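Trainee: I would like to learn how to read the inside of a protein model. Please take me through it step by step.

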Amino acid sequence: MRKSLFVILLLFSVRSCFYVDTQEFETEIYLDFEPEVTISSNFDQLDNIRITDSIYFSYEIQIDTGKLYFSDLYLDNYLIYRSSSTADSIWIFPYYIEEDGDYDLTILAYYKSLTGSLADVLDAEPYVEDTTWVITISRTN
């Protein structure tokens, strides 16, 4: 009985929950350097990118001081491909979109900076680099 009373008094006397005001202790982390990321593709030399049947798209992502998590390829707001490698390729077909017209082909590369910070070690600080090409979908020649 005495032991249980002692344990109960001990539990009530010890603070088990601490409140932290995030407005007062909020901080922004700034990098000393900005990692250089380059996204290149076979579309870089083309002026007009027109898809009538299908087109081959290949890309390469180079990160000087970091590591790629994954990359997403969007045709307007539609995710059409996801990859975890720095160099990949895909065939793009016009039936991804219902109507003919001009659309943005965007690649988003999510990468880590390898700064050694706690957020970097816990994979909690992804950075994003993007590149966009305008393509024309025309099912008629």
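The dialogue below goes through the core, the aromatic rings and one backbone angle.

Mentor: This is a predicted model, in which local features need pLDDT of at least 70 and side-chain atom pairs count only at pLDDT 80 or more, while totals for chains, interfaces and linings use all residues. Residues are numbered from 1 along each chain as its sequence is written, and side-chain values use heavy atoms, leaving out hydrogens and water.

Trainee: Which residues of the largest nonpolar core touch the most other members?

Mentor: In soluble globular proteins, nonpolar side chains tend to be buried together. A nonpolar core is a set of buried Ala, Val, Leu, Ile, Met, Phe, Trp, Tyr and Cys residues joined through side-chain atoms within 4.5 Å. Buried means under 20% relative accessible area, exposed over 50%, and partly exposed in between (1.4 Å probe, protein chains only). Here the largest core has 25 residues, and Phe43, Phe57, Ile61, Leu75, Leu105, Trp133 and Ile135 touch the most other members.

Trainee: How many aromatic pairs are there?

Mentor: Rings of Phe, Tyr and Trp (its six-membered ring) pair if their centres lie within 6.5 Å; planes under 30 degrees apart count as stacked, over 60 as edge-to-face and the rest as tilted. The structure holds 10 such pairs. In one of them, phenylalanine 43 and phenylalanine 57 have ring centres 4.9 Å apart and planes at 55 degrees, so the pair is tilted. Phenylalanine 57 is buried, at 0% relative accessible area.

Trainee: What is the phi of aspartate 76?

Mentor: Most residues other than glycine have a negative phi. Aspartate 76 has a positive phi, near 55 degrees, and is partly exposed at 32%.
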